[in-house]
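Here are my notes on this one, jotted down as I went through it. Have a look at the model and then read on.

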Amino acid sequence: MDGQSTPTLELRDVSKSFGAVVALRDAQLTMYPGSIHALVGENGAGKSTLVKIMAGLYARDTGTFQMEGKPVEFRTTAEAKAAGVAVIYQEPTLFPDLSVTENVFMGRQPVGRFGRIDRAAMRAEVVELMTRLGVAIDPDRPAEGLSIADQQIIEIAKAISLDAKALIMDEPTAALSGVEVERLFAVARSLRDEGRALLFISHRFDEVFALCDTVTVMRDGSYVSTTPIADTDVASIVRMMVGRDVTELFPKVAAEIGRPLLEVTGLTQPGVFQDISFQVHSGEIVALAGLVGAGRSEVARAIFGVDPYQTGTVTIDGKALPAGKPSASMKQGLALVPEDRRKQGLVIDATVASNITDAIRGTLTRGGLITTGAENAAARVWARQLEVKTASLDAVVGTLSGGNQQKVVLAKWLAANPKVLIIDEPTRGIDVGTKSEVHRRMSELAGMGLAILMISSELPEVLGMADRVLVMREGHLTAAIDRASATAENVMFAATHSGEEVQ
Amino acid sequence: MSAVSATTERVSLGSRLWSLLSSRETGIFLALLLVVVATTVRNPAFLFSPDGWRDMLLTPSIVAVVAIGQAVVIITRSVDLSVGSIVGLTAYLVGTLFVAMPGFPVPLMFAVGIAFGALLGLVNGALIAFGKVPAMVITLGTLYAFRGINVAWTGSNRINASDMPDDFLALGTQQILTIPVLTILAMAILVVVGWYMANTRGGREFYAIGSDPDAAELYGLAKTKRVLVAFVASGAASGLGGVLFAARYGTINSQVGDGFELQAIGAAVIGGVAIVGGSGTVLGAVLGAYLLLTINRALPVLGIPDFWQRAVVGALIIGAIILDRVLANRQAKRLLAERVSA
């Protein structure tokens with residue numbers, strides 16, 4: 001890369017921690033003018049943190065940050081923008097009540113006498129920008145109701161009118177249709193030809209190869225490599241993305257696989273997931289892998305009955321579940337441990353005991369009343385079984401550690417004596433020590449004859465825990481891989497590649 | 001929303017006329033006209049007696065001034081519940097100063113009242129902007145706190161018209177070309193604030209912050225500063241309201257301005273200032289104040305029992321909110337349809 005012109009933007013050895021969690025270790029990124037640079041990595045590899053540092057939302061802990069050879073220090077997004085860094089997020093944030101024109105110019109409107117905004121000049125420039133970008137968006141309409149693609153175009157128009165030197169696109173194509181992606185790419189190429197530096201973050205390798213000229217790979221908050229696109233291929237990029245030792249970190253104890261307890265057939269909700277069919281047997285842990293946004297949590301929520309689905313059936317132990325009725329699902333022995341346990345899985349300000357007995361409260365009442373004694377007695381069984389570390393059952397859940405909170409959620413559902421457990425990101429935000437404990441518990445539960453469906457974005461967890469790995473990509477099941485043949489590469493490939501299925 | 005839709009400088013006269021006619025402000029104005037006409041038919045003195053004409057313009061002007069400040073706050077997605085207490089405290093300060101210094105120049109008294117109101121608004125704004133506490137909670141607190149200070153200070157005392165200079169009190173009833181001076185003052189403030197909100201960066205940033213606070217953050221707008229300014233403006237408007245109250249009524253006890261907060265918020269909401277922020281105009285809020293208080297005066301004339309009058313006001317507010325919702329849904333559908341056909 002040496003010998004080229006001065007990089008538009010250059011980050012060296014950048015690190016960033018949030019409390020004890022290290023989000024970035026030694027990130028490197030160099031963007032050159034007239035180039036489209038791809039940034040790839042698994043979820044949690046640190047891409048978003050890096051973007052936020054460039055956008056002025058986060059301050060880096062260490063390392064250097066230069067623009068056109070000069071060191072820069074952004075404390076606010078306004079400073080980053082003024083220096084010429086524009087970020088286009090996956091879901092743009094516009095002002096819905098204000099017109100397209102106002103959205104493009106907010107905060108830097110041209111003003112005349114007495115600070116009067118020059119609306120005519122603003123409008124004329126937006127009309128010109130829209131013509132140049134080749135799109136027909138009425139500059140006077142409010143931003144409300146615009147498609148994601150159009151909103152991104154407005155963000156790009158904003159960047160151009162700012163004369164941004166570096167344009168960062170954070171998964172811009174995730175919510176776009178094919179035609180819209182083509183339009184975005186055409187715009188991106190024309191911006192590149194104007195000599196701007198573009199950064200393109202995507203999980204879709206076909207897009208990366210179609211659009212970009214250089215690719216930087218990140219893994220676990222660290223820089224892995226930067227290669228010209230011409231010198232690499234999908235397989236080697238995937239290898240670099242996942243290239244860590246996937247040892248038996250998370251051993252699942254082999255359990256007797258029994259009859260199918262959860263059967264999902266042809267589950268479809270247009271635009272969200274299509275034709276999802278699979279079985280989970282007694283004693284089995286099935287992982288549902290894929291990237292964030294592939295539709296995994298949505299499938300889980302639909303099975304449980306929180307979200308609707310249009311066609312398809314769900315049966316628990318042979319009995320059909322009615323759609324859209326979580327209470328019926330619970331009664332038939334289905335439990336869902338949601339991803340965001342603080343919001344959806346726990347009453348964070350209530351005690352450990354009352355949280356654990358949340359799902360079985362109806363059975364504890366005597367004459368319509370619940371005594372703390374009855375609650376504690378019921379809770380104690382499961383708190384002990386899962387070894388929840390808490391000073392007392394009266395402690396407020398919010399004061400526990402992440403791992404122990406997760407155990408409380410588990411205890412809550414186990415108290416209801418389920419047959420099938422769906423658990424979404426079981427160890428997100430949990431430290432390594434507690435992680436393996438949660439895994440041991442899950443393994444034990446499978447041994448007790450539960451059928452467990454585990455949604456996970458962490459490959460080692462998927463490979464270590466699952467008897468079978470189902471992979472989803474953009475609403476479709478793209479692969480079903482047995483424990484023996486599952487590798488980081490083939491799971492990642494199925495999660496990212498639109499080519500034929502991997503078996 | 002004429003000021004918002006007036007973003008279009010070069011659109012045809014026809015569509016401009018249409019947006020003027022279909023605007024919320026026009027609707028409120030027509031409703032106001034309807035109330036006035038209906039009541040005047042019943043009792044011509046409602047409009048055609050000299051007092052009737054004067055009262056119609058004069059009575060709502062104090063609430064209108066307070067509602068202008070309130071509208072700015074609501075547009076930034078906040079609410080100021082303490083305005084009534086600020087009106088009361090300022091009015092009493094004005095009276096007390098006149099008692100202590102009978103020769104206090106009147107224009108300076110206006111400046112003192114506005115500055116004092118702004119100071120109380122600054123207390124609200126600082127707590128909300130720096131403490132990151134919801135405005136509802138803070139201003140509910142200061143509603144009681146300011147009123148409490150007022151009661152402690154005033155006790156059962158009362159300031160009468162005879163304690164204040166004649167030229168000050170004359171302002172409360174004086175008319176220029178039959179238009180009350182207070183009304184002219186309120187209109188002047190409406191023009192200045194309305195122009196500011198529609199045509200300056202600062203004004204548009206209020207709308208932006210109210211429309212989507214997170215986006216405002218990403219745009220790098222000075223959110224803290226704007227929220228602070230909005231509450232200072234609301235406080236200053238309420239301070240002016242207090243001075244106007246003293247001039248208009250001449251009698252000041254510890255309960256002046258009680259309930260103004262609900263009238264001001266009601267006026268803004270009826271006038272099309274969305275309670276969730278981001279849309280509406282101060283003109284709408286002023287028209288809302290006129291509609292609200294004119295209905296209050298019209299109901300007895302129309303022979304509607306006392307008991308029902310508050311219910312009518314309530315129905316008006318709920319009706320306005322439902323109307324907002326329906327219009328917003330229709331707009332959202334229309335915008336979606338435009339996009340699909342485009």
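1. Starting with the chain–chain contact in this predicted model: chain A puts in 31 residues and chain B 26, where contact means C-beta atoms, placed from the backbone, within 7 Å. On the chain A side, the elements giving two or more residues are α2 (77-83), α3 (100-105) and α4 (119-133). Helices here are DSSP runs (H or I, at least four residues) and strands likewise (E, at least two), numbered from the N terminus.

2. That chain A side splits into twelve nonpolar, ten polar and nine charged residues. Nonpolar covers Ala, Val, Leu, Ile, Met, Phe, Trp, Tyr, Cys and Pro; charged is Asp, Glu, Lys and Arg; the others, Gly among them, are polar.

3. Within chain A there are domain 1 (9-94 + 146-242), domain 2 (247-333 + 418-503) and domain 3 (346-416), with bounds from an automatic or database assignment. The C-alpha centres of domains 1 and 2 of chain A are 32 Å apart. Their contact takes eleven residues from domain 1 and twelve from domain 2. On the domain 1 side, α8(A) gives the largest share, five residues.

4. Strands β14 (residues 311-316) and β11 (residues 260-269) of chain A run antiparallel, joined by five bridges; pairing needs at least two DSSP bridges. I316(A) stands opposite L262(A), and its bridge partner in β15(A) is K319(A). In the β14(A)–β15(A) hairpin, two residues lie between the strands, and D317(A) in the turn has a positive phi of about 50 degrees.

5. Bookkeeping: residues count from 1 along each chain as its sequence is written, and chains are lettered from A and ligands numbered from 1 in written order. Local features need pLDDT of at least 70 and side-chain atom pairs 80 or more, while totals for chains, interfaces and linings use all residues.

Conventions
Two residues are in contact if their C-beta atoms, placed from the backbone, lie within 7 Å.
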